[in-house]
Amino acid sequence: MSFLYYLRYVQWPWALPLIVVLPFVTAWLVRWGLRARRQRLARLGTPSMIARLAPSLAQQRTSTAILLAGLATLLLAIAVAGPRWGVEQTVVKQQGVDVVLALDASLSMLATDEKPSRLQSMKQEINRLRDLSPGDRFALLAFAGRSYILTPLTVDQSALDLFLQNLDPSIVGQGGSSLASALRQATNLLALNKSQGDKAIILMSDGEGFDNPDEVLNEARRAREMGFTVISVGFGTQQGSTIPIIENRVVTQKRDENGNVVVTRYDPTLLKDIAAQAGGIFIDAATPDKAGRIRQALNNLHANPRSVVSGENLGIQYQWFLLAALLLLAMDTFLQTKRRRRRAIAAAATTATMLLLTISCRSAPRDKAAIELYNTGTQLLRRDSLQQAITPLTKATDTRDAEARHHSRFNLGLDYLVQGLKSKDSADAKLDSALFRYKQILEVAVADSDARWNYELALRQKKGGGGGGGGGGGGGGGGGGGQGRNQSPNPAPSPIQSQAPKPVPGMTPQQAEAVLNAAEDKETDVQGQHQKRNVPAPPRGKDW
């Protein structure tokens with residue numbers, strides 16, 4: 001591991017040379033001062049006479065004074081450098097709207113009349129829009145011959161990155177371009193969300209739709225009646241382009257059922273009509289900054305206040321070294337005071353210093369509301385009420401109480417894991433949620449063997465159902481919740497731990513980080529393969 005990696009544990013790297021220089025300089029100054037004092041005393045008389053007249057000065061131990069001063073200076077230098085460890089979340093109060101991104105994933109989006117392609121240009125605009133909208137929640141919906149929800153409304157940037165990375169025409173599997181189904185499913189998704197604030201649907205497409213225009217416009221009017229803002233965004237050029245198809249590493253051109261090369265063209269007519277019927281905004285494909293225009297339109301909506309976790313950083317822990325340094329200085333003062341009165345004064349000063357530093361370094365108060373939510377969710381988990389336990393446990397994970405947040409994440413991951421083992425239709429989605437929660441735990445506490453076992457079991461279950469069996473239900477979860485209003489949460493035992501693969505003992509943080517990175521790569525590959533699993537065969541006719 002390189003030296004630069006360890007610099008992340010220091011707030012001010014420029015202060016590191018002080019850790020080496022200051023103790024030696026302080027020890028030399030103390031030694032020089034004591035020697036100068038002895039020389040001045042030697043001018044007054046013989047050593048025996050000085051011992052009788054000033055016993056406290058004559059009996060002073062040079063080595064003890066130098067050692068205490070050097071150690072205190074060393075600790076002060078470390079405190080100045082700002083040592084960091086632990087986890088400190090940064091929670092930002094922001095305002096945002098709920099947005100469903102309905103993305104055209106048909107074959108025509110592979111056309112290269114926009115460089116490098118219409119699809120890649122659309123992804124770039126989405127990423128710029130996300131950068132401009134840190135407080136908004138986004139949902140991803142891909143459509144071609146049918147629509148398909150990739151993610152619900154979320155502020156989880158890693159989940160959005162995962163699905164955008166794997167977005168291509170093979171996700172939907174059914175050829176064509178059905179704008180009506182996309183608008184219908186986007187409207188239904190927003191209607192299920194009961195949060196305050198305005199909501200918007202952003203439809204991104206080349207406008208080449210093959211469904212009934214009247215049906216599309218009916219869905220646009222329905223979105224307007226429900227109070228949702230519709231923004232249609234075009235991609236491509238009216239000159240058009242062929243559609244490159246890669247088969248067995250050979251690039252060919254898309255052909256229709258008669259064998260003719262297909263030329264797809266950007267058609268703004270239907271996109272304009274959608275915006276007009278919905279009372280929304282149309283952004284033409286020739287607009288240079290589409291993300292900026294979308295952001296301007298969203299700024300006119302009523303935002304919903306929410307708390308967003310902007311990141312997790314290592315906490316600065318300088319106070320412990322400062323406290324130890326002050327204790328050493330107080331000890332040196334106490335050892336040099338021989339008279340009772342001076343000793344009492346020094347002791348009182350030491351006690352006052354310790355009290356003040358203890359008050360300044362005291363731990364943060366426990367979050368009673370989060371503990372109550374944790375206990376509620378854990379009791380529901382123990383009663384096998386898996387779906388009802390998700391809401392209180394999810395709310396409990398937003399706390400700044402590190403212990404309550406840790407155990408809430410564990411039990412929430414356990415809830416999703418048990419649902420994934422029991423479910424057949426949506427097992428992958430549940431297992432993805434379990435993997436996400438256990439990964440959050442392992443990034444902070446790499447030595448948590450319970451979380452690592454369940455993480456490995458969820459991965460193996462996604463790849464084929466091996467390694468553990470599962471039928472255990474949620475009855476084993478609980479972690480002692482519900483037994484007291486201010487009780488500290490404890491981790492819930494997994495009902496399937498006994499059959500899960502055991503972790504490697506003595507794993508270092510670097511090794512654990514490498515394992516997590518490898519598991520994340522496998523998770524991305526599995527997710528991409530799952531998204532690209534073909535569904536009903538494409539209909540005959542126009543399938544681009």
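## Two positive phi values

Asn 248 sits in the loop that links β8 (244-247) to β9 (250-253), and its phi is near 55 degrees, positive in a residue other than glycine. At 76% relative accessibility, Asn 248 counts as exposed (over 50% relative accessible area; under 20% is buried and in between is partly exposed, with a 1.4 Å probe and protein chains only). This is a predicted model, where local features need pLDDT of at least 70, side-chain atom pairs count only at pLDDT 80 or more, and totals for chains, interfaces and linings use all residues. Residues are numbered from 1 along each chain as its sequence is written, and side-chain values use heavy atoms, leaving out hydrogens and water.

Asp 384 isn't a glycine either, yet has a positive phi of about 65 degrees. Its loop runs between α14 (368-382) and α15 (386-396), and Asp 384 is partly exposed at 37% relative accessibility. Helices here are DSSP runs of H or I with at least four residues, strands are E runs of at least two, and both are numbered from the N terminus.

Lys 115 and Pro 116 are joined by a cis peptide bond, with omega about -5 degrees. Pro 116 belongs to the loop between β2 and α6. Most peptide bonds are trans.

Next up is α6 (residues 118-132), with 15 residues. Its buried residues include Leu 119, Met 122, Ile 126 and Leu 129, along with Arg 118 and Lys 123. The buried residues of α6 pack against several elements, among them β2 (98-104), β3 (137-143) and α11 (290-299).

Notes: The expected span of a helix is 1.5 Å times one less than its number of residues. Contact means heavy atoms within 4.5 Å.
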